[in-house]
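Subject: Handing over the structure

Hello,

Here is the structure I promised to pass on. Please open it first, then read my notes below.

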Amino acid sequence: MSVSSVVRTHQLTKRFAGGLLAVDGIDLDVRAGDLFGFLGPNGAGKTTTIRMLLSLISPTSGSIEVLGHEVTLHSPHALEGVGTMVEGPAFYPFLSGERNLMIFDGAGAGGPRRTRRQRVHDVIERVGLTDVGERPVKAYSLGMRQRLGLASALLRAPRLLVLDEPTNGLDAQGIHELRTMFVDLVREGTTIMLSSHLLAEVELICSRAAMMSAGRIVAQDDVRNLLAPSGWVRVVTPDLERAVRALQDGPFLYEPVDPFTVRVNIGDRAPELLNKALVQDDIRVRELVVERPTLEDVFLERTGHGHIR
Amino acid sequence: MILVELSKLLRRPRTWVTIALLSGLPVIVGIFVKASGLAPRPGEGPALLSEVLNNGLLFPAAALAIILPLFLPIAVSVIGGDTVAGEAANGTLRYLLTRPVGRSRLLAAKLSTIIMFIFLSVVIVALVALVAGVVLFGIRPLSSISATELSPFETFIRTTMAILYIGWSMLGLGAIALFASTRTDSPLAASLATLAAFVGSQVLDLIEATRSIQPFLPTHYWLKFVDFYRDPILWRDVTAGIIVQLVYVAVFLGAAWANFTTKDITS
């Protein structure tokens, strides 16, 4: 494995008792410094994969390396550098937020008791729960629990954060704060693997992404590459008829959309050349937009459920 | 990890409510016995209660005899059944395991919790009963079941041994509860399964036809703690009781371990 791989799986497969093939031979590759989006609809196998990475579920076949260590049910030690939030936070409701974190910190190996209170205090401050840390968790709102779950994941300054749908239950303000925190954490050297079914959310912040569908990875690349221009350019002009006539003589595929708009496939040629040609023909160009797919488009295309717009 | 689990047990309100209820019942019985002056005749009612009117020092043992047949096993089933399944139902199991805590370690910590609860319960029940017994009935030299006299100090020693024996007698049930708790994500189901084992054992222990297997039942030797009050102590059944519990612990702890260390955690 390369030095920079933080999570790497080889042909990872999980068939549950009863025959359901939840994960079907996937090769994940999360690299150091990634803000890695792990995407796919509910039921695609994301959570099963994450549970295998965290040695909660044993793979049917294939192998997993996390932070350079082989992960199996019997050797979860690789997880010492990993902070997690899987399928929502969970706490002991009768204890305070602080006491809960003291328990989770104390449960792991190492971590001197002397500095435990300080560690708990630090992560609670980081997620903005300082004022309520002493209240019992049963009195927390959904958003507060979500923050506390994140605080718990941040205990012991993990090198890798594995977060499953971390923005569930947060309001717009909370989601914005969380995104900012993720970007800060990555800047500080943490690698983040973020699973979500909200593709637009991931598009905003992730540097790399893998997409899962029906147990398989359908795409895994830098988000920049996934979202590369499609080759289509959308031209809005009041002179549509003349534009279409001009395009008929040209080398490009085109497709009128409405009385003012035509889409033109220029492939990998520069869009400014199209603009120049249109203007030289005295066609008034009101807008000229290079089309980029959204992650949703990419996903639909790769799973064969979509069409290229 | 064991310390963390114990602190969770001790910080949990339910633990103390359970122990308070366990301690309360014998006190209520004691007050009524005192007020009415009516103790059960020897051989009837809970063991040793017949002697209590004469001697408050015997009340701790009588108190344990009152909770032993039903309340203590129920408490052990509920607390034991909750250990792993409760964490699963609550969602905290995955967060403990990914800390990471090795599965064997977690299981060992949970077993420690059950043992701690058992001995905490019997000791507190006995202490409360001691105070109640001395206040209600006073201290006198005790006549043993074998009709010789035991000094208060000797009574104290015998009672301590009886308390430890009763605590020990719960271990088998505790191990069954721990095993049941690794088999399900529902603490209620685990507790009920443990209670079913307990009731089943009691039923089989009553029937003439099952006499041949009775010495191997987990509840068979429970009431033999009265043998500690014979003079000299009758060790045969007590020793058998201790061994039977050990066997149950070994078997069910092994089963719990085999199950839990290979199990997919989907809670």
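How many residues of helix α1 of chain A are buried? Eight of its eight residues are, so far as burial goes, inside the cut-off: α1(A), residues 46–53, is mostly covered. "Buried" means that 20 or more other C-beta atoms lie within 10 Å of the residue's own, with 12 or fewer counting as exposed, anything in between as partly exposed, and C-beta atoms placed from the backbone. Among the buried residues are A:Lys46, A:Arg51 and A:Leu53. Just after this helix, A:Ser55 takes a positive phi of about 55°.

Some ground rules. This is a predicted model, in which local features need pLDDT of at least 70, side-chain atom pairs count only at pLDDT 80 or more, and totals for chains, interfaces and linings use all residues. Residues are numbered from 1 along each chain as its sequence is written, while chains are lettered from A and ligands numbered from 1 in the order in which they are written. Helices (H or I, at least four residues) and strands (E, at least two) are DSSP runs, numbered from the N terminus.

**Domains**

Chain A splits into domain 1 (5–226) and domain 2 (232–291). These bounds come from an automatic or database domain assignment. The two domain centres, taken over C-alpha atoms, are 46 Å apart.

**Strand β4 of chain A**

Look at β4(A), residues 35–39. Five of its five residues are buried, so the strand is largely enclosed by the rest of the structure. A:Leu35, A:Gly37 and A:Leu39 point one way, and A:Phe36 and A:Phe38 the other. Strands pair if DSSP finds at least two bridges between them. β4(A) runs parallel to β9(A), residues 191–196, with five bridges. There A:Leu35 stands opposite A:Ile192. β4(A) also runs parallel to β10(A), residues 208–213, with four bridges. A:Gly37 has A:Ala209 as its bridge partner there.

**Cores**

A nonpolar core is a set of buried Ala, Val, Leu, Ile, Met, Phe, Trp, Tyr and Cys residues joined through C-beta atoms within 7 Å. The largest has 147 residues, and A:Met193, A:Ala209, B:Ala62 and B:Leu64 have the most contacts inside it. Helix α7 of chain B (103–137) gives the largest share, 14 residues. A:Ala209 touches residues including A:Phe36, A:Val223 and A:Leu295, leaving out those up to four places away in sequence. Contact means C-beta atoms, placed from the backbone, within 7 Å. A second, separate core has eight residues, including A:Trp232 and A:Ile283.

An open sheet of four strands in chain A has the order β13-β14-β12-β15, paired antiparallel. β13 (253–258) and β15 (287–290) stand at the edges with a single partner strand each, so one side of each has no neighbour in the sheet. The twist averages 20° from one strand to the next. Five bridges join β12(A) to β14(A), and A:Val233 is paired with A:Val264. Helix α8(A), residues 240–249, lies across β12, β13 and β14, at about 20° to β14(A). Angles run from 0 to 180 degrees between N-to-C directions, with axes fitted to C-alpha atoms, for helices over the stretch in contact.

**Where the chains meet**

The contact takes 23 residues from chain B and 24 from chain A. On the chain B side, α6(B) gives the most, with five residues.

Best wishes

Definitions and conventions
Contact = placed C-beta atoms within 7 Å.
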